[in-house]
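Morning, everyone. I have one structure to go through today, and I will keep to how its parts pack. Please have a look at it first.

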Amino acid sequence: MKIVTFNVREGEDRELEQWSKEHNDIDIDVYNDTLTLDNIDRVNGADAISLAAPGNMGADILGELHDRGVNVIAQRSVGFDMYDMDAVNDLGMALITVPTYSPNAIAEYVVATALYLSRNLNTIYKNVQNQDFRWNIPILSKEMPELTVGIVGTGHIGQAAAKLFKGLGARVIGYNHRVHDELKHLFEFVSLDELYAQSDIITFHIPATDDTYHMVDDDAIAKMKDGVILINAARGAIVDTEALIRGLDSHKIKAAGIDVYENEDGIVNRDNSGEDLNDPIYDELIKRDDIAYTPHLAFYTETALHNMIYSALDEAVKYLETGESDAVVNK
């Protein structure tokens, strides 16, 4: 059996080496770059491939994989919105994901960012750089027990975030398309409009779909509490970035923590030093003091990398051997 891995990130190579030692009957080819039509010959002879953040996986490249006998793809992430799922299904391919590689990794990022912005550390650090050491109203902050945190999406990551925020004493409210009675110890379930109106901090933990595309737009922002802090560590397409910037300019939004950006493909996880990104909105995200931007790395912990590698490859092998896997999202 042979598996070819692409988009192997720093840190994943160690986990792949260890997994390979534990499965010495399986050949593993490791590549750091992204799978494209230009390098697709690398998959020849493979039974499965494994990808992370592959960019756009359209019908053309999926068809080429199928023609080369590759019908199992193990995606090392939760999201799979980059795939043409009609093509995946039409070709009879199996797409595997890792839905719970480490909810705590994302939740910790969200809480850390919320504390950073709610305690005005972004402003304080700027003041310190200018040798302005005053205590004044612009940096006076509230404590977590005074705040209401709204969590949109109450799945594994949303639940992990709720536990951490509740541990800090915040009131936690939640919105999900379906209310789960068994989660009422973690969330006060409210409507989305109620969550927008009541929350001092809002964090999103939902997939990118046609229904959630740009759900945070001008209309949604207008419904939010004045001075809200927004955090998006889910999918970039959820937020209309230009609307977000307008909300910041008007001070409707106090600050934003942005780990994912809708046009980040080809930019994140690479050194762009000295390059023109050719994206004025991206430039704006990076330079603003009221945005804490990070390049899609909320997940980036040792635990998460281990679980991504082991879960994706274990499930790929299981599917190849038995034709079954609970991690297949389209069967």
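At what angle do helix 4 and helix 6 pack, and how far apart are their axes? Before I answer, note that this is a predicted model. Helix 4, residues 103–118, and helix 6, residues 156–167, pack at about 45°, and their axes are 8 Å apart. With that angle, helix 4 is oblique to helix 6. The crossing of these two helices is right-handed.

Which residues make that contact? On the helix 4 side they are Pro103, Asn104, Ile106, Ala107, Glu108, Val110, Val111 and Ala114. From helix 6 come His156, Ile157, Ala160, Ala161, Leu164 and Phe165. Sorted by type, the contact of helix 4 with helix 6 has eleven nonpolar residues, two polar and one charged.

Now the chain as a whole. The protein chain has eleven helices and twelve strands. A compact globule of 331 residues would have a radius of gyration near 20 Å, and the 21 Å of this chain agrees with that. Along the principal axes, the C-alpha atoms fill a box of roughly 65 × 50 × 35 Å.

If you want a place to look, Ser50 stands opposite Ala74 in strand 4.

What packs on this sheet?

The crossing is right-handed. Helix 1 contributes Glu12, Glu15, Leu16, Gln18, Trp19 and Glu22 to the contact. Helix 11 contributes Leu305, His306, Met308, Ile309, Tyr310, Leu313, Asp314 and Val317. By type, the contact of helix 1 with helix 11 has eight nonpolar residues, two polar and four charged.

In what order do its seven strands run? The order is 8-7-6-9-10-11-12, the sheet is open and the pairing is parallel. Strand 8 (188–189) and strand 12 (291–293) are the edge strands, each pairing on one side only. Strand 6 (residues 148–152) and strand 7 (residues 171–175) pair in the parallel sense over five bridges. Here Val149 has Val172 in strand 7 as its bridge partner.

Helix 4, where we started, packs on this sheet and touches strand 9 (201–204), strand 10 (228–232), strand 11 (253–258) and strand 12. The direction of helix 4 makes about 150° with that of strand 11. Helix 9, residues 241–249, packs on the sheet as well, touching strand 10, strand 11 and strand 12. The direction of helix 9 makes about 145° with that of strand 11.

That is the end of my part.

Note on methods. Residues numbered from 1 in each chain as written. Predicted model: local features only at pLDDT ≥ 70, side-chain atom pairs only at ≥ 80, totals over all residues. Heavy atoms only, no water. Axes fitted to C-alpha atoms, helices over the stretch in contact; angles between N-to-C directions. Helix = DSSP H or I, 4+ residues; strand = E, 2+ residues; numbered from the N terminus. Parallel < 35°, antiparallel > 145°, perpendicular 65-115°, else oblique. Left-handed = near helix turned anticlockwise from the far one by under 90°. Contact = heavy atoms within 4.5 Å. Nonpolar A, V, L, I, M, F, W, Y, C, P; charged D, E, K, R; others polar. Pairing = 2+ DSSP bridges. Rg over C-alpha atoms; globule rule 2.2 N^0.38 Å.
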